[in-house]
Amino acid sequence: MNSYGCLRKSLATAMVAATLALLAASPLQAQAALSGQEVMDKVYNSPKPKGSVLTMAMVITKNGKSLSRTLTTWTTGDVAKGETEKTLMKFLSPADVKGSGFLNLKKPDGATESLLWLPALGKVRRLGSGASDQDQAFFGSDFTNRDINGFVRADFAYAVDSFAGGIYAVTATPKKALGYEKLVYHVDSSTWKYAKIDYWRGGKLAKSQTVAYDKVQGYDMPTRILMSSASGSSTELSFTGYKLDQELGDQYFTERFLKQ
Amino acid sequence: MHRLMEALLKRSWWVVGFFVLASALAGLGALRMHINFSTESFFPKNNPIMKSSRQVQETFGTGKNEIVVLFADDVLVPARLNAIRALTASLQGIEGVTKVISLTDAPRMREEGGSLLTEDLVPADDPSPGQIAGIKDYLASNYAMKDGLLAAKDGSSANLLIRIDPSFKMETMSLKIDKVVRENWKGRYESTGEPVLSEEIMRIMKGIPAMAVVALLVILAFLFLNFRSPLGILVPLAQLLVGLLWGLGFLGWLGIDFLALMAIAPIAILAVGSSFSLHLLGRYFLELSRGHDKAHAIRTMLGKTGLGVFVSGLAISASMLTFLLSEIDMIRGMGLMTAVGIIACMFASLVLLPALLNLLPAPKIRARGEKDGGVSLRLRRLGAFIGRHPKPILATGALLVLLSLVGIARIVPDSSLVAYFPKDSAAIRGMFAVEKAFGGSTTVSMVVNGDLQDPELLKGLLRFQEEAKSIPDVGPVQSLASILRSLHETLSGQAGMPATRELVAQELLVYQASGSVDDVSSQVNLDYSQGLVTILVHRVSTSETKAIIAKLGALAKATLGDGATVEFTGDCFIESILERIVLRDFAISLSLAVLLVLMIDSLIRSFRAALVTIIVLFFTIVLQYGVQGLFGLTFNMASALMGALAIGVGDYAIHLTVRYMEDRRRGLTPEKAIEEAVATSGRSIVYTSFTLGGGFAALTFSTFVPVATLGKLMIFTVFAVGIASLTILPAACLVFLRNPVKSRLEVSHE
């Protein structure tokens, strides 16, 4: 073979090798090419039921002692879609709090109306909203109201830290004061659900949330959420009943239903 | 032993080299030593009550607190409230601060237009006059706030309660908090709490090196006065530095922290170690003055005086090691460091000192005739006097003992931390100012075990809170009951407590809706089986604290009934039980020291000689504590150490007893033997007293009150031992040791 022939052969070999390498890498390359915003868009846009009735058990544990409560929540509406977010919570157990309830109506303009019903007191009290409501703990647990209600997508800037084993690690940096310095989401690219969120405050890991999912009526719904705080306490939410895509009319979000 | 001595003398350079290397290694250990300024080191770490206290801290997240009181003409004006808000935010930003409770971010529940509002007590900057009027009204009427918890009723002060993560260094946190307060508050402020006390301890301990230098200089001055030769300074200096370095280094390599009371150890090592040099060099110079050469002088020094120094060193170390039985870290550390340092001094005096003397040229000493010098002549006359009047001298001693017992009966124990700091120190000044403004500066925590959702128990708890405030020196009291009382009034519009279990549970649900896990569990644990009652009290003596706690216990029984049991904890409570521990440590260390010294002296010398000497030492200790009682000096941790310290330090008195016994066996009459013993051994005893006294005098410069008091009392003690050794001891020898039996080993002393 002459020198020109050798050169052609070498070049062809190199091109084949390069093409094979590119083909092998392409799925990963395509995945890793997603930006933080894109990953979180997929998370936020993943299918969610319209209205739902969920029954859950909440167990708060600290220093070997625990406090258990079960409650049912009715939720409907999405402020991001210009709807009023309606949430009603009723405690089922223990017996001394059974029947107590909270009703929260959040309008697209941000105005909030909250009602509190304590059966033992025998009257409904209207609660005023404070600017720091969302950052308050959810019934003395390791969750804040904001953790339960969800963050607003647009309130954060997102950046991918890593992508390995199908899991994206995305750092979300808040654009305004939201009680945390940053959140780090660990998103499963096969379901576009986050399996874990790390909450950072003051340069330290303040708490971590891990979520287990199951398919319920076609939706990936959390079955168990565990929030572990750096101070040693933990709160577990276990979901025991799901009624999804419910048409929840206004009658569910009234003082009357609250008192039933 | 003789062969070993010869071998070491032949290799003097090797000996010096060994000590230099070993001391360098020890010095590295000393550099590793960490100084711990925490007040926790004052308390017995493994005591069940301490463990219980830590458990309560963990359960309720109480942590460590600093209270800052801000003073102004009126804190309830916009400018001041803005400053308090800014200060609160800045303090929250300090790493290690877990929570700040102040006027501006205290939660408030109020009714407006039919709605129940939850908001910050001071909602925004520059509140209007109407808002300020509302704040004043809330502070005056709200059940949880009306006792002046957040602000004085007349507006002259505002209080900040700063919770600190216990894993952070308290003294550093105090400095950081102080800096932030100075930057944000233009006006007077005072602070108190464990961080402030830790900072004060840090300041005090910075003076320890200077104290050690003063002690060393005084000791060297006395040595020079005694020997009138540079050798009399240089050689002891080397020996003392070995003792000091090895003592510090040993603890450093073991990873033991240097704690406040351990300031006594370096001074004790220097003082006691110098007495070894005194005796050995005294013999060396005596032999030189008799015309002997250097080699002969060194051999005679070691042969005749070495064993005595060895036994004394053992005896003193043994009495120091009795402190290892204490429950308190700083006492154990003090005992260990002193024991190791003294053993090192003893070893250096028997090995390094001869080597140095061997290498250095002998000083020119004028041959001394048989005629006594001035001191010896006076001592001889004293010895002769004692020989003529032993019984009246003993009777005088007995009378002094009786008087001392009266003084001992007047001793007031006080282990409260406040007694450890000078009254004009920033920590104490701050404490009194905070007490006046806040109603107390320390807390007693009462843990209530019972059903904290039982309305009857909660009513009892509220009654307890109300009635506790009428006990003298008790300030505001906080518990779940006061929170529920406020909440019930706001939710229902009615004063009083929720009447049913369901209402208690549901109102607590509302309380929990506004707080984190840590907030909620700061008053009651998660299953409502334990609640914490925080009682603010004045810092008083431990006996007064015990009385307060007894009254609180009785009140709890009367108001809570059989439905609950209570346990007390908190720094204040722990200080009150510290007294029992200190007294127990005192009894054990003193008894053991007497026993050990008696055993050691008996084994080497004679039991009777040891017994007679110990009796005299005991007399001195009784006198020492009698003086303490008569002068109203409180009995604390440091004075508890004095007994065993005196036994160990005063052991040199046995040199006189042994000298007397030797002269008796030589055939001298008892009176003549005593005269000789006082004239010869007495000189060493006089100089030893001055050297020891001079060394301990350095402790009087400490601003740490127990250490300074110990210094003063030790000066008294060493001189009392000296005087008793030259009066009571010779008299006791004449009465109880007129015909001593043959001793196991003869030891010759000056």
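Two residues are in contact if their C-beta atoms, placed from the backbone, lie within 7 Å. The model is predicted: local features require pLDDT of at least 70 and side-chain atom pairs pLDDT 80 or more, while totals for chains, interfaces and linings use all residues. Residues are numbered from 1 along each chain as its sequence is written, and chains are lettered from A and ligands numbered from 1 in the order in which they are written.

**View 1. Helices across the sheet of chain B.** Helix α3 (residues 48-60) of chain B lies across β7, β9 (530-537) and β10 of chain B, at about 105° to β10(B). Helix α16 (residues 455-468) of chain B lies across β7, β8, β9 and β10 of chain B and runs at about 160° to β8(B). Helices (H or I, at least four residues) and strands (E, at least two) are DSSP runs, numbered from the N terminus; axes are lines fitted to C-alpha atoms, for helices over the stretch in contact, and angles run from 0 to 180 degrees between N-to-C directions.

**View 2. The open sheet of chain B.** Four strands, in the order β8-β9-β7-β10 (chain B), form this antiparallel sheet; two strands pair if DSSP finds at least two bridges between them. Because β8 (474-478) and β10 (564-569) of chain B each have a single partner strand, one side of each is left without a neighbour in the sheet. The twist averages 25° from one strand to the next. Six bridges link β7 (residues 442-450) of chain B to β10(B), and M446(B) stands opposite F568(B).

**View 3. The hairpin of chain A.** Strands β4(A) and β5(A) form a hairpin with five residues between them, and G110(A) in the turn has a positive phi of about 100°.
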